[in-house]
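Reader: I would like to learn how to read the features of a helix in a model such as this one. Could you take me through them slowly?

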Amino acid sequence: MEDPVVPSKDTSESALRCRGLVKRYGEVVAVAGLDLEVRRGECFGMLGPNGAGKTTTVEIFEGLREPDAGEVDVLGDRWRGDGLALRRRLGIQLQETKFPDKLRVREVLSLFRSFYPRGLDIADSLALVGLEEKADAQVRTLSGGQKQRLSLASALIGDPELLFLDEPTTGLDPQSRRQTWEIVEGLKARGRTVLLTTHYMEEAARLCDRVAIIDHGKAIALGTPRELVASLGAEHVVEFTINEEASAALSAEVLAALPSVEGVAREGGRWRLTVREVHRAVPALLAALAERGATPTELATHHASLEDVFMALTGRRLRDG
Amino acid sequence: MADRPAPRPRSAFTELTLARLRELIREPEAVFWVFIFPILLAAILGLAFRSRPPQALPVAVVAGPQGDARLAALSARPELAPRLLGEAEARQQLARGRVVLVVSADEPPVYAYDPTQPESQSARLAADAALQRAAGRKDVFTPGQAELTEPGTRYVDFLVPGLLGMNLMGTGMWGIGFSLVVARQGNLLKRLVASPARRSYILGAQLISRLIFLVPEAGALLLFAWLVLGVPVRGSLLLLIAVSVLGALAFCGLGLLTAARPRTIEGASGIMNLVMVPMWIFSGIFFSTERFPAAMQPFVQALPLTALNDALRAVMLEGAGLAALLPELALLAAWGAVSFVVALKVFRWQ
């Protein structure tokens, strides 16, 4: 018997929790034993490449798919029956929704507003996503970014306790992406709980209080963006390219022994060093290369990011898998 | 505009229905196919197959000793238009179809005509009767005549109920099926299911908006047929409405069934055509189902559109009452009920 949970008295810290979640499609395991917890009031990110199982996981949370194994608690409740009572407390943005072309923006929102016993005014929800001027425009006249903001408004209209955003900026131009980020930051400032999935590390780093890095249906790392980057042991990345011959003559041990270098990775003639201090590592590196008669054709440094964390963990890049 | 008071939120069912109606009336193509097309078709076909006043049949009398007398005798008959011609020319005109009968100069005359042509046959009978009478034959009695050209027996009267049935099928199936498949393809159905909207409302709103649309749709065609073409409604108007509503619902059920699974419009179009094309051909829209051989009749009579067309014709043209329509109505109801139940069982929500 579960604890008797009354939603209004639900003071548990977690807005969402899953344990041992498994979902298979035939032979393919989309979700392979996932444990996650989203705390109230936080923006939680699931960061991972396409096909990592993020959307499947979120759709299980949203009650749109049945898991093969595992448990899910959403706002202290379980999915059963039509789940209408639970749905009234959630805001859901699917990866892509095509609203009817001939409906006006205001009409779409008033349709979705009618599903909730309480929620925002149409005008307020329009203001929230900056679509006031498009209120009377038909959906077909909206740009991709405006359609995405309409979809966001439809998810916010019921004033949800927990908001799901599945890849909210995929396919958007940079300006629309920044607008969406500002909207989500506004929601965070108002203490909303948000679960978002993304394969953009900048998005996760900017918006999320905590991030789970997802790969092959599992969480392979979890923490604040700062903690995750710090786990690399160094704040900077130095990348350089030399020809294959010179590469063969170079060993990882030599590079690892250079001052301030914490980690070494290689892809053919392309090397990546994680370093604590660029000003100490780079002169030593150039000297070591010159000693072996190798001249780098390319040399770049950047602050370590979640992308570097993902590469350190999987050896692959986020974007092209 | 901006500071008008926020309207009180409408119920979810009303909003879902409104959304569907707005989509429909903002689609100019839909308005054309649903309202204008059937009226246009009724007008054009009604014009093409209109009843003409009987025309006099062209007949040639070959010039000879009896020529003038025979010409006079034939001229007295209103259904004949005789001309006096030379032998060769008369033959030539017959061969070309300019005249349908040639009365020779012989005594007694020889009738040259084509017995496979109904007009030729009629001309022969009329000409023979006129010449016999002129030669002194007495009619034994004079029959009375009842001429049937009143509304209700013309082709256009047969056509209009068929067009109404065809329209009820088309809009029911496309109206429901198309919009559901578009919504599924664009993830809208999934988005609605993810929100706290009842599934019964989502589908129910489709049916209700369809029935609301039925009023102007059937109304426009019937009004045009009644006012412009003079097509009668002999039976009860209420019964005609009831038959139309039942027919619309039955085809909504079929539309729901065909749209229950397909993920794409292309897939759905194929199934729609598979279901509708046989009914366009076999269900007696443009011509009577009697024309199909007896072996095919069980199939033809089992089609829902055949039942609907028969019921509509019976009410409009024969003034049939409810009792006479029960077999057709039962068949329609069965088609509708079975489709609904199966559709809801196999419906794909995402």
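Reader: What should helix H2 (residues 28-48) of chain B span at 1.5 Å a residue?

Author: Helices are DSSP runs of H or I with at least four residues, strands are runs of E with at least two, and both are numbered from the N terminus. The expected span of a helix is 1.5 Å times one less than its number of residues. Because H2 of chain B has 21 residues, the helix should span 30 Å, and its end C-alpha atoms are 28 Å apart, which agrees. This is a predicted model, in which local features need pLDDT of at least 70 and side-chain atom pairs count only at pLDDT 80 or more, while totals for chains, interfaces and linings use all residues. Residues are numbered from 1 along each chain as its sequence is written, and chains are lettered from A and ligands numbered from 1 in the order in which they are written.

Reader: Where does the kink in H2(B) lie?

Author: A bend at a residue is the angle between axes fitted to the seven residues ending there and the seven starting there. In H2(B) a kink of about 40 degrees lies at B:Ile36, shortly before the proline B:Pro38.

Reader: Which residues of H2(B) are buried, and what do they pack against?

Author: A residue is buried if 20 or more other C-beta atoms, placed from the backbone, lie within 10 Å of its own, exposed if 12 or fewer do, and partly exposed in between. By that rule B:Val34, B:Pro38, B:Ala42 and B:Gly46 are buried, and the buried residues of H2(B) pack against H6 and helix H8 (199-227) of chain B.

Reader: How should I read helix H10 (residues 265-282) of chain B?

Author: Helix H10 of chain B has 18 residues and reaches 26 Å from first C-alpha to last, close to the 26 Å expected. There is a kink of about 25 degrees at B:Leu274, shortly before the proline B:Pro278. The buried residues of H10(B) are B:Ala268, B:Met272, B:Met276 and B:Met279, and their cover includes helices H6 (155-185), H9 (237-258) and H12 (304-318) of chain B. Just after H10(B), B:Gly284 takes a positive phi of about 70 degrees.

Reader: How many residues of chain B are in contact with chain A?

Author: Two residues are in contact if their C-beta atoms, placed from the backbone, lie within 7 Å. On that basis 23 residues of chain B are in contact with 25 residues of chain A. The elements that give two or more residues to this side of chain B are helix H1 (12-25) and helix H7 (188-194), and the largest share, 6 residues, comes from H1(B).
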